[in-house]
Structures are given as C-alpha cells and as structure tokens.
Amino acid sequence: MKLIHQAVTFFTVKGMIKPQLVIGDLPPSKIVYKNFFNVAWPSAIESLLVGLIGSVDTMMVGTLGKGSIAAVGITNQPKFILLAVIFSLNVGITAIVARRKGQQDREGANHTLRVGMILSALISLSMSIMGFLFAVPILKFAGADVSYLKDALDYFRILMVSLFFTALNLTINAAQRGSGNTKISMRTNIVANIVNITFDYLLINGIGFFPALGVKGAAIATCLGAIASCIISFATLLKKDVFLSLYCKASWRINHHILEPITKVSGSAFVEQVFMRIGFFAYVIIIAKLGTTSYETHLICMNILNLSFCFGDGFSVAASSLVGQSLGAKRPDMAIIYGKAGQRLAFLVSSILFIFFITGREFLVSLFTNDPAIIALGAGIMLIIAFTTHAQTSQVIISGCLRGAGDTVFVAITSMISVALIRPALTWLLCFPLSFGLYGAWIALCGDQFLRFALNFIRFSNGKWTKIKL
C-alpha cells in the first residue's frame with residue numbers, strides 16, 4: 001500500500017515541488033495536467049504527423065531501388081546545418097514571446113516576432129544560396145557515395161529553394177508556440193504534410209499525366225509543402241483579435257532593446273546547434289562508411305526512433321512555453337511544476353513505446369523495405385531503440401524547460417560534451433576498432449541520450465534556471 005501511495009503522490013502537484021519553494025496558491029493536479037496537455041497535444045500531434053509523413057516519404061522513395069533512401073537521407077544533416085542559425089534564433093523567439101505573454105506585454109511580443117521574421121528571411125536567403133552553389137562539396141563531405149551522389153545532388157538543390165519558406169514558417173510558429181498557441185503550428189504542418197504526401201504520390205513514380213521524376217519528385221513535393229505551410233503561417237498573423245498580429249501597433253525596427261534579449265538566448269542556442277550539428281554530421285559520416293546496407297538500415301531505424309522523439313518534442317514545446325510564461329508571471333514554482341508534469345507524462349508514453357518497439361520490431365522495419373538483410377539488422381537495432389526511449393523523451397523535455405527559461409548556455413555545454421565529443425568518438429571506437437558495426441553506432445547514441453538526460457536532470461533539479469532574467 002505504501003508503494004502505491006508513493007506512486008500516486010509522484011504524479012500529484014505536491015509530489016512535484018518542495019514545500020519551501022512554493023510562493024503562491026497551487027492549482028489542483030488535474031488543472032496542471034489539463035493546462036499542459038492543452039498546449040502539448042497540438043505540438044505532439046504535429047511532430048508525430050511530421051515524423052509519419054517523413055517515414056511515408058522514405059517508404060515511397062524506397063520503391064525506387066537500392067541507394068534511393070541513402071540519396072535522400074544523406075541530405076538531412078547538411079540541411080539542418082544550414083538551418084542551424086534559424087533554429088537558434090527561434091529558441092530565443094519562443095522564450096522571449098513566452099516571457100512577454102506572462103508579463104501581458106503584447107506590443108513587446110509582436111515587436112520580437114517582427115524582428116525575428118526579418119532576421120529569419122535574411123539568414124535563410126543567404127543559407128539557401130550557399131547550399132545551392134556548394135552542393136557538391138557539401139554532399140561529398142557528408143559521405144555521399146558515388147553510386148547515389150547524382151540523385152542526392154538533385155534532391156538537395158531543389159530543397160534549397162524551399163529553405164526560405166521553411167525558415168519563415170518555423171519562426172512564425174516558434175512565436176506562436178511561445179504565446180501558447182500550438183494549434184496554429186499543428187494546422188499549418190498538417191496542410192503542408194498533405195501537400196507533400198500528395199505530390200510524393202504523383203511525382204515519384206508518375207501517376208496519370210504527372211511525370212515520373214523519382215528522387216526529384218520527392219524534393220519538389222517537399223518544396224511545395226514548405227510553401228503551403230509558410231503561406232498559412234503568415235495568414236494567421238492577419239487577424240486583429242489575436243495576441244500575435246500584424247495589425248498590432250508594434251515596431252519593425254531592429255534595435256538594441258529588442259536584440260539584446262534575443263541574442264542572449266539565441267547566441268547560446270546557436271553554440272548548442274553548432275555542437276549538435278557537428279556531432280550529428282560526424283556521426284552520419286562514420287555510419288555512411290559502413291556501407292549502403294548499414295546506412296539505409298540506420299536511416300530506417302532513425303525514422304522509427306523519431307516516433308518517440310515526436311512525443312518528447314511536443315511535450316518539450318509545451319514545457320518551454322509554460323515555463324517561460326510562469327517565469328514571466330513571477331511564479332518559478334509553477335515553472336518547476338509544469339516541467340515535472342511533462343516528465344511524468346513522457347514516462348507513461350515512453351513505457352507504451354518501449355513495448356511497441358520490442359514486440360513490433362521486425363514488422364516496423366519491413367514497412368520500409370523488403371530487403372531481408374536490412375530487416376534482420378534493423379530488428380536488432382530496434383531493441384537498442386526500445387531501451388533508449390525513456391532517456392530520450394525525458395532529456396528532450398528537460399532541455400525544453402531550460403531553453404524556455406533562457407538557460408541555453410548550460411544546454412550548449414551539455415551538447416558539446418555529449419553530442420559533439422563523446423557520441424562521434426564512441427561511435428568510431430565501437431564501429432571500427434571494436435568491429436561492432438552499426439550496433440556500435442546505436443550503442444553510442446543510447447549512451448549519448450542517457451548522459452544528456454543525467455546532466456540536464458541535475459541542472460533542472462538545482463533550480464538555478466528559474467533565476468535567469470530576460
């Protein structure tokens with residue numbers, strides 16, 4: 001009975017915060033979970049749909065034959081590196097808008113959004129041109145094999161056209177998330193994904209009067225989806241009676257007053273992105289050297305792992321938004337409670353995914369390919385994924401809490417240690433000198449997730465992040 005009582009208390013508000021940290025009235029546990037869930041579910045559904053569409057994308061491209069999945073997959077890390085500055089900027093936009101929402105400063109929130117949109121447009125245009133012009137050396141450096149380099153080049157260059165629209169959409173949605181309006185982001189991405197999957201179906205293998213463009217068709221479909229989502233995101237700002245609106249009398253001017261808090265958060269977030277992208281890039285390069293079969297197995301398993309990341313990412317968005325708003329309202333106790341509520345929910349979801357990944361491992365891999373060698377190897381990797389799930393979702397949520405509070409310096413240091421240094425080094429050691437092959441790469445990934453979880457959990461528990469001023 002005592003264990004049952006402790007388990008129940010663990011999920012209550014009283015079990016989430018020490019009495020000496022409480023500075024005001026605490027809402028009932030039901031209200032806390034309801035508030036968290038109202039913000040989290042649109043983001044979780046959005047992330048899940050994006051992940052599923054990405055998986056379906058990979059399945060459709062996989063029908064083109066050996067090497068096609070690798071051609072598309074090899075472009076992921078270069079694309080994310082080019083978008084790293086945008087991701088960093090958006091961390092700052094979300095945190096600042098959340099604080100201004102908590103302070104009831106609508107004009108300040110809209111000024112932040114507008115400056116963010118200008119910066120996002122300028123940065124993404126520069127990155128798009130750079131990526132298009134230097135596509136060949138970028139992909140070769142990423143480890144692209146000559147057997148699929150041409151397809152990868154076609155895909156990557158078309159993708160660069162969509163970078164501007166993707167960036168602007170991400171920035172607008174980042175601001176909307178900061179204000180707690182996660183449903184807008186969900187709706188825009190649902191439409192984008194429908195456009196993407198429709199044109200994937202029409203253009204990859206050629207349906208009706210549409211030409212069979214193969215990998216090029218997949219890239220064009222992605223580009224059209226990005227344009228559609230950008231248009232819809234921008235349209236959400238054309239309403240007068242919403243918190244974030246272009247009708248709000250806020251400035252478009254880029255000045256020190258508005259840049260200082262953004263750069264305070266985004267600067268450290270950029271350092272984090274740099275370390276993460278270096279680590280991920282090195283990780284992918286090492287795996288690509290294992291051969292096409294291992295690399296395509298890795299890409300398929302990453303698509304499956306994204307299922308757990310989708311839920312963690314959705315909860316992370318909610319945690320970041322609610323933590324920022326609570327700190328803006330001078331309620332650090334509520335910031336701690338919302339962070340822990342997200343961790344509790346993630347534990348339940350991860351437990352379900354753990355069972356799902358173990359029992360359905362061969363079936364899940366077979367959805368992407370009929371190659372028996374890939375299915376056999378992938379089924380083994382799925383066991384590692386299952387045991388990684390709890391650590392991954394928890395560390396993503398805790399990182400979201402820290403970012404929402406503006407504690408991006410610590411998250412950057414954690415990424416440098418774990419992602420940029422330990423994961424690539426351990427991957428190389430396990431894959432080649434110790435001859436573990438692809439299993440070695442996934443053991444390294446598992447170790448990275450547990451290390452980041454431990455470091456971020458310690459930081460979250462000491463509470464220093466609640467005292468950061470923005």
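**Loops, salt bridges and pockets**

Mentor: S435 has a relative accessibility of 58%, so this residue counts as exposed. Please bear in mind that the model is predicted.

Trainee: Where is S435 placed, and what is its phi?

Mentor: S435 belongs to the loop that runs between α17 (408-431) and α18. Although S435 is not a glycine, its phi is positive, at about 60 degrees.

Trainee: Is K330 buried or exposed?

Mentor: K330 sits in the loop between α13 (292-328) and α14. Its phi is near 60 degrees, a positive value in a residue other than glycine. The cut-off for the exposed class is over 50%. The relative accessibility of K330 is 66%, and therefore K330 counts as exposed.

Trainee: How many salt bridges does a search of the whole structure find?

Mentor: One of the pairs is R331 with D333, whose side chains meet at 2.8 Å, N to O. A network of salt bridges also links R423, D448 and R452. For the whole structure, the search finds six.

Trainee: How many residues apart are K150 and D154, and how far apart are their closest N and O atoms?

Mentor: Both residues lie in helix α8 (residues 149-161). K150 is exposed, with a relative accessible area of 60%. K150 forms a salt bridge with D154, and the closest N and O atoms are 3.3 Å apart.

Trainee: Which parts does the pair R403 and E272 tie together, and how far apart are they in sequence?

Mentor: The side chains of R403 and E272 form a salt bridge of 2.5 Å, N to O. Both residues are buried. R403 lies in helix α16 and E272 in helix α12 (residues 256-288), so the pair ties together parts whose separation in sequence is 131 residues.

Trainee: Is D333 buried or exposed?

Mentor: D333 is the partner of R331 in a salt bridge. Buried means under 20% relative accessible area. At 0% relative accessibility, D333 therefore counts as buried.

Trainee: Which residues does S229 touch, leaving aside those up to four places away in sequence?

Mentor: S229 is found in helix α11 (residues 215-235). Its relative accessibility is 3%, so S229 counts as buried. With residues up to four places away in sequence left out, S229 touches N169, T188 and A192.

Trainee: Which element gives the most to the lining of the largest pocket?

Mentor: The largest pocket holds about 530 Å³ of space. Its lining comprises 24 residues, and those closest to the centre are M16, I336, K340, F460 and S461. Two or more residues of the lining come from each of α14 (332-359), α16 (372-404) and α18 (438-462). With seven residues, the element that gives the most is α14.

Trainee: How many residues lining the second largest pocket are charged?

Mentor: The second largest pocket holds about 220 Å³ of space. Among the residues that line this pocket are R99, K330, R331, K467 and K469. The lining divides into four nonpolar and three polar residues, while the charged residues number five.

Definitions and conventions
Residues numbered from 1 in each chain as written. Predicted model: local features only at pLDDT ≥ 70, side-chain atom pairs only at ≥ 80, totals over all residues. Heavy atoms only, no water. 1 Å grid on protein atoms, 1.4 Å probe; cavity = no way out; pocket = protein on both sides within 12 Å on 5 of 7 lines; lining within 4 Å. Points joined across faces, edges and corners; volume = space filled by probe spheres on them. Helix = DSSP H or I, 4+ residues; strand = E, 2+ residues; numbered from the N terminus. Nonpolar A, V, L, I, M, F, W, Y, C, P; charged D, E, K, R; others polar. Buried < 20%, exposed > 50% of the residue type's maximum accessible area, 1.4 Å probe, protein only. Contact = heavy atoms within 4.5 Å. Salt bridge = Lys/Arg side-chain N within 4 Å of Asp/Glu carboxyl O.
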